[in-house]
Amino acid sequence: MKGKIIKGIAGFYYVHVPEINEVFECKAKGIFRLQNVKPLVGDDTELDISGQPKGKGVITRILPRKNELIRPAVANVDQAMVIFAAAEPAPNLNLLDRFLITMGRQNIHTIICFNKKDIVDRKDMEMLTETYIRSGHKVLGISVLKQDGTAAVKELLKGRTTVLAGPSGVGKSSLINTLNPDARMEVGTVSEKIKRGRHTTRHSELIYVDDNSYVMDTPGFSSLYIDDIEEEGLKNYYNEFNEFKDKCRFIGCMHLNEPGCAVKEALSEGKISSIRYDNYRALYEELKDIKKY
Ligand code: ZN
């Protein structure tokens with residue numbers, strides 16, 4: 001039988017078998033020795049339930065991993081989806097950029113959802129959409145409350161494993177509940193967890209949506225640090241610079257104060273979003289100021 005590890009706690013691995021939509025509590029005895037591999041959430045496995053009590057099993061094999069993320073720790077991720085409210089609260093686009101960089105470094109493509117489309121000014125929505133489409137991402141405007149765009153989200157998740165993230169209060173839990181009412185996410189759990197402070201250990205967990213779709217609900221943005229990026233490399237995560245950077249006067253131009261910078265020229269002509277450029281500049285300064293060890 002084949003299944004996916006959706007959770008690991010204290011030596012037990014919870015393996016979901018999509019064909020029968022059941023979860024088995026498994027030990028992974030012998031895997032270390034046979035394959036020299038520590039099972040990870042997201043791993044596709046073979047399991048044996050014969051001779052085991054009901055609901056229990058043994059993982060006999062970990063199938064080869066497609067990839068392995070460090071933040072969050074999960075294997076076989078196809079894509080990421082990040083949710084922000086388009087308004088109430090206004091989106092923190094600096095945080096959004098951090099998330100895009102975190103995923104970009106791990107070669108994971110991110111889909112951006114702006115929720116609460118129903119309450120935001122149409123012009124603001126267009127501006128947000130345009131800004132992030134130019135950054136090379138897929139952007140969806142949705143309203144979980146009005147069930148507008150949620151079918152499109154479901155379609156994008158279909159058959160894939162998706163890291164799902166977003167600050168609290170943006171409708172992430174409501175979206176998960178809409179996608180899979182059986183998941184019964186308690187709305188507001190994430191913010192509760194943040195309130196309990198940094199000592200709370202949080203286990204990564206995959207939630208089965210359906211049609212072989214899994215989402216990993218990542219808590220808030222607590223692990224979103226990008227401190228270990230060299231500031232010189234930051235520009236590589238701003239895809240919209242690419243079309244102009246070869247026209248900069250200096251090779252290795254950081255697009256900050258250099259004369260003859262084609263990126264800054266594009267910015268002044270409105271071809272590059274000032275929101276993105278200002279984020280780039282702020283993050284660059286932040287990284288430069290960090291003491292590197
Ligand atoms: Zn430049």
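I looked up Arg65 first: in this predicted model its relative accessibility is 26%, so I put Arg65 down as partly exposed. Its side chain meets that of Asp43 in a salt bridge, 2.7 Å from N to O. Asp43 sits in the loop between helix H1 (31-35) and E4, and Arg65 in the loop between strand E5 (56-62) and strand E6 (68-69), so this pair ties together parts 22 residues apart in sequence. Asp43 comes out at 0% relative accessibility, so I noted it as buried.

Next I checked Lys4, which forms a salt bridge with Asp44 at 3.2 Å, N to O. This one also links distant parts of the chain: Lys4 is in strand E1 (residues 2-9) and Asp44 in strand E4 (residues 44-48), 40 residues apart. Lys4 is buried at 6%, while Asp44 is partly exposed at 26%.

Then I went to helix H3 (residues 122-134), where Arg134 and Glu130 lie 4 residues apart, about one turn of the helix. Their closest N and O atoms are 3.2 Å apart, in a salt bridge. I have both as partly exposed, Arg134 at 34% and Glu130 at 41%. I also found that Asp43, Arg65 and Glu68 are joined into one network by salt bridges with shared partners. My search of the whole structure gave 17 salt bridges.

Last, the metal. What holds the zinc ion? I found Cys248 (SG), Cys253 (SG), His255 (ND1) and Cys261 (SG) coordinating it at 2.1 to 2.4 Å. The site is tetrahedral, with angles of 105 to 113° among the 4 donor atoms. Along the chain, I read the donor spacing as C-x4-C-x1-H-x5-C.

Conventions:
Residues are numbered from 1 along each chain as its sequence is written. This is a predicted model: local features need pLDDT of at least 70, side-chain atom pairs count only at pLDDT 80 or more; totals for chains, interfaces and linings use all residues. Side-chain values use heavy atoms; hydrogens and water are left out. Donors are N, O and S atoms within 2.8 Å of the metal (3.2 Å for Na, K and Ca); water is not among the atoms, so sites may look incomplete. Four donors count as tetrahedral if all angles lie between 85 and 135 degrees; four count as square planar and six as octahedral if opposite donors are over 155 degrees apart and all others between 65 and 115; anything else is irregular. A salt bridge is a side-chain nitrogen of Lys or Arg within 4 Å of a carboxyl oxygen of Asp or Glu. Helices (H or I, at least four residues) and strands (E, at least two) are DSSP runs, numbered from the N terminus. Buried means under 20% relative accessible area, exposed over 50%, partly exposed in between (1.4 Å probe, protein chains only).
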